[in-house]
Amino acid sequence: MFTDDLGVFYAESDFAHRCTRERPGETDAVFAGILATTDRSLFDGQMTAGVHELRYPTAAADLAEGDTVRTQRLQADGSYTEPEAWRVLRTPDRVNDGAESMAYLCPDPEA
């Protein structure tokens with residue numbers, strides 16, 4: 001079992017985003033995550049598409065399909081950028097012996 005502190009990998013001053021999970025009827029959860037767009041091969045290699053992924057320490061947040069996640073970047077002056085809204089597409093996958101989770105996201109212009 002992975003027992004190291006993952007906080008060193010999720011520093012907002014480096015490349016992590018400040019993430020806020022919003023779910024109706026619950027208190028918002030703020031956590032650090034790494035947002036990336038990667039190419040995925042789909043349909044047995046017939047198509048390649050950009051997929052938005054959010055990696056975060058599993059213990060930091062409980063994301064579920066349909067949640068809204070707002071991401072912000074820390075700027076040099078200590079303020080944050082305007083939030084971008086994303087929708088969690090499915091239950092996140094656990095990676096690195098369950099210590100981290102990876103969620104697929106899509107932009108959510110309605111949030």
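Tutor: Contact means heavy atoms within 4.5 Å. This is a predicted model: local features need pLDDT of at least 70, side-chain atom pairs count only at pLDDT 80 or more, and totals for chains, interfaces and linings use all residues. Residues are numbered from 1 along each chain as its sequence is written, and side-chain values use heavy atoms, with hydrogens and water left out.

Student: What share of the contacts with a separation of 6 or more joins residues 24 or more positions apart?

Tutor: In this chain, 45%.

Student: How many helices and strands are there?

Tutor: The chain has 0 helices and 7 strands. These are DSSP runs numbered from the N terminus: helices are H or I, at least four residues, and strands are E, at least two. From the N terminus the order is β-β-β-β-β-β-β.

Student: And what percentage is buried?

Tutor: Of the 111 residues in the chain, 34% are buried (under 20% relative accessible area, 1.4 Å probe, protein chains only).

Student: New topic. Where does Arg 21 lie?

Tutor: In strand β1, which covers residues 17-22.

Student: Is Arg 21 buried or exposed?

Tutor: Buried, because its relative accessible area is 6%.

Student: Which side chain has a polar contact with that of Arg 21?

Tutor: The side chain of Glu 26, at 3.4 Å. A polar contact is a pair of N or O atoms within 3.5 Å, one able to donate a hydrogen and the other to accept it.

Student: What lies 3.3 Å from a polar side-chain atom of Arg 21?

Tutor: The backbone oxygen of Asp 62.

Student: Which residues does Arg 21 contact, leaving aside neighbours within four places in sequence?

Tutor: Among them are Thr 27, Phe 31, Leu 63 and Asp 67.

Note on methods:
Buried means under 20% relative accessible area, exposed over 50%, partly exposed in between (1.4 Å probe, protein chains only).
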